[in-house]
Amino acid sequence: MVRILIADDHDVVRSGLHTILSAQPGWEVVAEAENGRQAVQLAGETQPDVAILDYQLPLLNGVDATREIRAAQRQTEVLIFTMHESEPLLRELLQAGARGYLLKSDARRFLIAAVESLSHHKPFFTGKISETLLNAYLAQGHAADGALTTRERSVVQLIAEGHSNKEVAQILGVNLKTVESHRAAAMRKVNVNSTATLVRYAIRNKLVEP
């Protein structure tokens, strides 16, 4: 039995994936999540073999959700399901622990193969992702200097989604001063000086949808 978790903020996408995957003999969709926080929680509760995560999830994006899921459940493989194809995104995902990357435009052809591969703990990537890029990243094995930390990225995402500092503190379970500190550090790293430009940074770097 292959146990699968689906996380996407669009009901139609979740429903479509559920229908396709549950039709496969021996496969079961054990949970569905509409945001990153819920995906992490349900992954812990259901212990899926494969978690399919949209990259642009509300509250906690796919990269950070991947990192938390992989830290808690090493047996769960993560397949990022996204419209976006870029080298920086791939590097982030690999660092977070994802071993699958499926473009939504390729889903019709490769969804079943991707889940099958990950269920056997083998990587699966589609799009213009070369073996050279994968090998170069794995050899390097570290993030670029000046990159946002996991918590800084979470704070930036939530602010860009329209949450106040106080609301961000409640969502992340930290105090207000901690949020303000992470926000200031993030703004300094990405060289912005206002909430508006921070939001534009989040959109440009696909932390949130425009």
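Among contacts in the protein between residues at least 6 apart in sequence, what percentage join residues at least 24 apart? In this predicted model, the share is 64%. Of its 210 residues, 47% count as buried.

The interior may be considered next. In soluble globular proteins, nonpolar side chains tend to be buried together. Here the largest nonpolar core contains 45 residues, and the members that touch the most others are Leu5, Leu53 and Val156. Leucine 5 illustrates how such a position is surrounded. When its neighbours within four places in sequence are set aside, leucine 5 is in contact with Ala31, Ala39, Leu42, Ala43 and Thr46, and also with Pro48, Val50, Ala51, Ile52 and Leu53. Another core, of 18 residues, lies apart from the largest one; Ile52, Ala114, Val115 and Leu118 are among its members.

Two of the residues in contact with leucine 5, Ala39 and Ala43, also take part in a contact between helices. Helix H2, residues 36-46, packs with helix H3, residues 62-72, at an angle of about 15°, and their axes are 9 Å apart. An angle under 35 degrees counts as roughly parallel, and H2 and H3 are therefore roughly parallel to each other. Their crossing is right-handed. On the H2 side, the contact is formed by Gly36, Arg37, Ala39, Val40 and Ala43, which meet Ala65, Glu68 and Ile69 of H3.

Most residues other than glycine have a negative phi. Histidine 121, although not a glycine, has a positive phi of about 60°. Histidine 121 is placed in the loop between helix H5 (107-119) and strand E6 (124-125).

Asparagine 191 is found in the loop between helix H9 (176-190) and helix H10 (195-204). Its relative accessibility is 70%, and asparagine 191 therefore counts as exposed.

Note on methods. Residues are numbered from 1 along each chain as its sequence is written. This is a predicted model: local features need pLDDT of at least 70, side-chain atom pairs count only at pLDDT 80 or more; totals for chains, interfaces and linings use all residues. Side-chain values use heavy atoms; hydrogens and water are left out. Axes are lines fitted to C-alpha atoms, for helices over the stretch in contact, and angles run from 0 to 180 degrees between N-to-C directions. Helices (H or I, at least four residues) and strands (E, at least two) are DSSP runs, numbered from the N terminus. Angles under 35 degrees count as roughly parallel, over 145 as roughly antiparallel, 65 to 115 as roughly perpendicular and the rest as oblique. A crossing is left-handed if the near helix is turned anticlockwise from the far one by less than a right angle, and right-handed if clockwise. Contact means heavy atoms within 4.5 Å. A nonpolar core is a set of buried Ala, Val, Leu, Ile, Met, Phe, Trp, Tyr and Cys residues joined through side-chain atoms within 4.5 Å. Buried means under 20% relative accessible area, exposed over 50%, partly exposed in between (1.4 Å probe, protein chains only).
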